[in-house]
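Work through these exercises with the sequence and the 3D view side by side. Try each task before you read its solution.

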Amino acid sequence: MRRNTRRRPTGARRATFGAVALILGGGGLVAANVYASASEGWGGGPQSSQSGDQVLTAGTVTIDCPDVGSRLTAVPKRAKTDVDKELALLDQQITEAYARLTSTRQAQANDANYVQNAILGPLKDKRTAVIDRIKTDYQRVGSTAPSAIDGQAACTGMAADQSQTTGGQNANGRPGNNGGQNNNGGLPQGNGGQQQGNGGQAAGGPVASDFVDITAVQPNAQKPAAGANASTGAFETKCGVNANGNHNTDNVIVAPGVKNGAHHLHDYVGNQSNDAFATNDTFAAARTSCENQGDQSSYYWPVVRVQDGTQDFDQNADGGGKEGNVGRILVAKQAEIKFVGSPTAKVVAMPRFLRIITGDAKAFTNGPKNANAHWSCTGFEDRQLTDRYPICPQGSQVVRTFAFQSCWDGQNIDSANHRTHVAFADAGGNCQNGFKAIPQLTMRLVYDVPQPVIQNGQVKNAYAVDGFPEQLHKPITDHDDFINVMTDGLMTQVVDCINSGRQCGGANAGGQPQNTASPSADPGTGSGGNAGSAPGTGGGQQTTQPPVSEQPSAGAQPPASAQPPASEQPPASAQPSASTQPPAGAQPSAAAGTPGTATAGAPGTAAPGGGSAGNHGGAAPRVYASPSAVLGDAATAPPSSPAVGQAGEAAGAGPSSPAGAGAGSTVPQAAPQTEPQAVRGGLAETGAQLWPAAAGAVLVIMGLVLLRRIGRRSM
């Protein structure tokens with residue numbers, strides 16, 4: 001038998017083999033992790049952009065829940081307070097579930113059933129309990145529990161590639177289903193909506209597909225022809241632009257008695273005591289920013305922010321940064337508020353304390369039935385958008401337009417779902433079902449917005465309207481709110497002016513015709529009257545209080561280093577200036593101020609500087625910008641549905657990059673499909689992704705140490 005001459009491995013050789021194995025295994029883990037990181041987003045989704053930014057193209061983008069409140073067409077008066085609070089709780093539950101959705105991307109990537117089991121299932125259970133309590137509230141006061149809310153507890157997850165087809169509006173502002181564009185959802189990620197490291201872009205949107213070059217949109221605005229019995233006049237009220245920073249995140253119409261009921265920030269002009277706890281008596285006793293002191297009406301709308309990385313006063317507050325509403329708050333350059341007539345009938349007076357909401361803050365998930373958003377640019381206001389934000393050419397400004405419902409049921413100042421007591425006129429301009437034509441409130445807000453730039457499917461320098469976090473800042477969710485608190489005498493003037501075909505309002509509060517058929521829209525004067533003109537004394541009951549100053553309060557002034565020169569300061573006056581802006585030609589350059597501190601007060605008491613007692617955190621930093629050319633007034637009737645053309649680069653005619661957009665910025669162009677923005681995960685997710693690399697590094701180090709010891713022993 002032949003002897004085996006193979007040498008058995010010695011202890012040193014076995015140790016050497018083990019060290020080499022450790023090094024190879026550790027290196028393999030490191031390499032695998034690097035490869036995975038190169039091909040996956042931080043949240044576990046596939047793909048990466050051409051620029052190397054991690055992006056996500058699949059997964060659950062947001063939560064879609066039935067709107068229970070819209071199904072309640074009648075609520076017993078004795079149960080209304082409890083029902084309103086339960087409806088507000090449903091909104092809070094969705095907000096909390098959405099926050100969990102955005103903070104658990106790694107868990108979702110590891111478990112296909114995670115969203116259903118850990119988020120949507122528990123949410124359904126909570127909503128079921130609330131809906132049962134609402135039905136109990138009805139029964140407690142002797143009413144029949146509404147069956148319309150049965151089966152409305154379950155929510156679904158909306159995928160990133162799921163679109164909402166949005167309808168436009170017909171000529172009278174009524175939402176329609178005639179050709180709106182698809183509005184795909186961008187995938188949120190990270191820390192519940194906090195600002196990310198990609199130029200200030202919010203994690204929850206907007207995305208590149210939410211923007212379109214206005215020059216690529218076909219003209220679509222239409223104005224109905226006036227009939228023989230038309231009421232062709234207009235009454236303008238001048239209430240400023242909220243330069244004094246009167247803000248809060250309440251909504252007294254839909255969530256009375258509930259703080260942060262809106263989950264987003266509002267601008268308020270007119271009545272200065274609007275917060276969650278305001279009552280009709282509060283409104284009647286309040287101060288007003290309107291030049292005509294007979295107009296104590298409350299006009300309020302979601303703020304617009306530019307997501308440029310700047311933090312505003314509510315960055316860490318409910319309704320602000322904590323709920324995905326991030327960026328620098330913009331103050332409108334102009335806020336033109338008019339009441340116009342009907343193309344087919346004379347109008348009747350609105351009742352005092354009538355409440356109207358136009359548009360739908362949840363239109364992205366609810367669908368376009370109640371949407372009534374209008375976005376455009378100065379110089380292009382014959383082109384109106386419903387579900388896109390416009391990218392305006394250099395020298396043009398963003399315009400938001402609202403046209404409220406113009407038909408009233410003749411009885412109620414509100415309804416359970418805040419919609420059925422008012423309605424839009426039909427396509428012919430007629431009010432149906434016994435409704436009466438009332439003065440139609442129209443609003444036109446003009447903003448100096450830094451131009452967004454789209455590069456590699458990413459939007460930089462984005463701007464967006466505040467909204468519920470799960471609505472992803474879609475432009476279709478824009479909306480506006482109004483509570484009529486005009487004196488009976490002033491409302492009579494409004495009606496007489498409109499029905500007689502005159503152009504009235506502003507400083508001419510007595511209802512005298514103005515010199516021109518349409519108010520001036522010069523950027524230097526805005527929509528205001530003379531700075532020193534007193535409110536008219538004709539007609540309605542007048543108060544002796546001066547209007548609330550539209551200049552920022554002392555606590556909201558920019559720091560000394562950011563103050564414009566003395567020659568460019570807004571005039572110090574208790575009266576609002578002609579446009580509630582610094583004088584034309586003396587506009588200071590852009591400067592962000594520091595937040596002031598609001599002084600709390602009892603409901604009905606205006607806080608110093610004109611802010612209401614419900615202000616959150618004081619006045620916001622102000623944005624001053626130089627004016628540019630503005631068109632005359634837009635048509636008072638809402639436009640038809642948007643017909644967006646193919647949005648590509650216009651050769652030689654595209655808007656140029658804004659100042660400060662950075663080197664290499666390109667001409668913005670609209671993305672034909674959803675391009676989710678770059679995303680970055682939170683610390684927990686980052687740790688979960690990096691553990692293979694860490695383990696591999698440890699193994700490599702152990703192998704190297706072992707080899708070193710073996711080498712020393714063999715010497």
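**Exercise 1.** How many bridges join strand β8 to β9, and do the two strands run parallel or antiparallel?

*Solution.* Start with the ground rules. This is a predicted model, in which local features need pLDDT of at least 70 and side-chain atom pairs count only at pLDDT 80 or more, while totals for chains, interfaces and linings use all residues. Residues are numbered from 1 along each chain as its sequence is written, and side-chain values use heavy atoms, with hydrogens and water left out.

Next, find the elements. Helices (H or I, at least four residues) and strands (E, at least two) are DSSP runs, numbered from the N terminus. Strand β8 covers residues 266–270. Strand β9 covers residues 298–302. Two strands pair if DSSP finds at least two bridges between them. Here 5 bridges join β8 to β9, and the strands run antiparallel. For one of the partners, take Tyr268: it is bridged to Tyr300 in β9.

**Exercise 2.** Which residue in β24 is the bridge partner of Ser298? Why is β9 largely enclosed?

*Solution.* β9 also pairs with β24, again in the antiparallel sense, over 3 bridges. The partner of Ser298 is Ile483. Now check burial. Buried means under 20% relative accessible area, exposed over 50%, and partly exposed in between (1.4 Å probe, protein chains only). In β9, 5 of the 5 residues are buried, so the rest of the structure largely encloses this strand.

**Exercise 3.** Where do Lys474 and Asp210 lie?

*Solution.* Begin with the contact: Lys474 and Asp210 form a salt bridge of 3.1 Å, N to O. Lys474 is in the loop between β23 (462–465) and β24 (479–483), and Asp210 is in the loop between β4 (182–184) and β5 (211–213), so the pair ties together parts 264 residues apart in sequence. Lys474 and Asp210 are both buried.

**Exercise 4.** Is Arg328 buried or exposed?

*Solution.* Arg328 is buried, at 13% relative accessibility. Its salt-bridge partner is Asp308, with the closest N and O atoms 2.8 Å apart. Asp308 is partly exposed, at 28%.

Terms used. A salt bridge is a side-chain nitrogen of Lys or Arg within 4 Å of a carboxyl oxygen of Asp or Glu.
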